[in-house]
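Please look through the sequence and the model shown below.

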Amino acid sequence: MNKNTSQMQEKDTAWFVKFCVPWCKHCKNLGTLWEDLGKEMEGEDENEIGEVDCGTDKPVCSKVDIHSYPTFKLFYNGEEIAKYQESGTRDVESLKRFALEETLQAATKAQLNDDAEL
């Protein structure tokens, strides 16, 4: 994910974003986890995987309230909807399940709100 966060504003799209800094040992310990998750999620419509380097993108990280690394947050229609809790297991399957379940809930809620406005 680049510095332009406009992609995260896409309607009906979820972005699962990892916030890290290059010097964080916990981020380094993730290894290829985020890339592996990205490959695993390729076939999922409306789900995107992103990454923000808080060393170079401090304004973005400040805006979404990042205070520790790594932090994983899920955004839908540009709004933060969930933060992956650190007590959760950090493996591809757990992260994917979290992203899909939260996205489904957000999409359902957005659909209900759209229907209510009609």
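What is the torsion about the S-S bond of cysteine 54 and cysteine 61, and why is the disulfide left-handed or right-handed? The torsion is about -90°, so this disulfide is left-handed. The model is a predicted one, in which local features need pLDDT of at least 70 and side-chain atom pairs count only at pLDDT 80 or more, while totals for chains, interfaces and linings use all residues. Residues are numbered from 1 along each chain as its sequence is written, and side-chain values use heavy atoms, with hydrogens and water left out.

A disulfide is a covalent bond between the sulfur atoms of two cysteines. Here it is assigned to a pair of cysteine sulfur atoms within 2.5 Å, and by this rule there are two disulfides. The sulfur atoms of cysteine 54 and cysteine 61 lie 2.0 Å apart. In the other bonded pair, cysteine 20 and cysteine 27, the sulfur atoms are 2.2 Å apart. The torsion about the S-S bond of cysteine 20 and cysteine 27 is about -100°, so that disulfide is left-handed. With the bonded cysteines numbered in sequence order, the pairing reads 1-2, 3-4.

Cysteine 20 and cysteine 27 are buried, as are cysteine 54 and cysteine 61; buried means under 20% relative accessible area, exposed over 50%, and partly exposed in between (1.4 Å probe, protein chains only). Cysteine 24 is also buried, with a relative accessible area of 8%.

Lysine 18 sits in strand S1, which covers residues 14-20. Helices (H or I, at least four residues) and strands (E, at least two) are DSSP runs numbered from the N terminus. Lysine 18 counts as buried because its relative accessibility is 5%. Its side chain makes a polar contact of 3.3 Å with the side chain of glutamate 51; such a contact is a pair of N or O atoms within 3.5 Å, and within protein one must be able to donate a hydrogen and the other to accept it, with residues adjacent in sequence counting only if both atoms are side-chain atoms. Leaving aside residues up to four places away in sequence, lysine 18 touches residues including Leu30, Trp34 and Phe72, where contact means heavy atoms within 4.5 Å.

Across the protein there are four helices and four strands, in the order β-α-α-β-α-β-β-α along the sequence. Of the 118 residues, 37% are buried.
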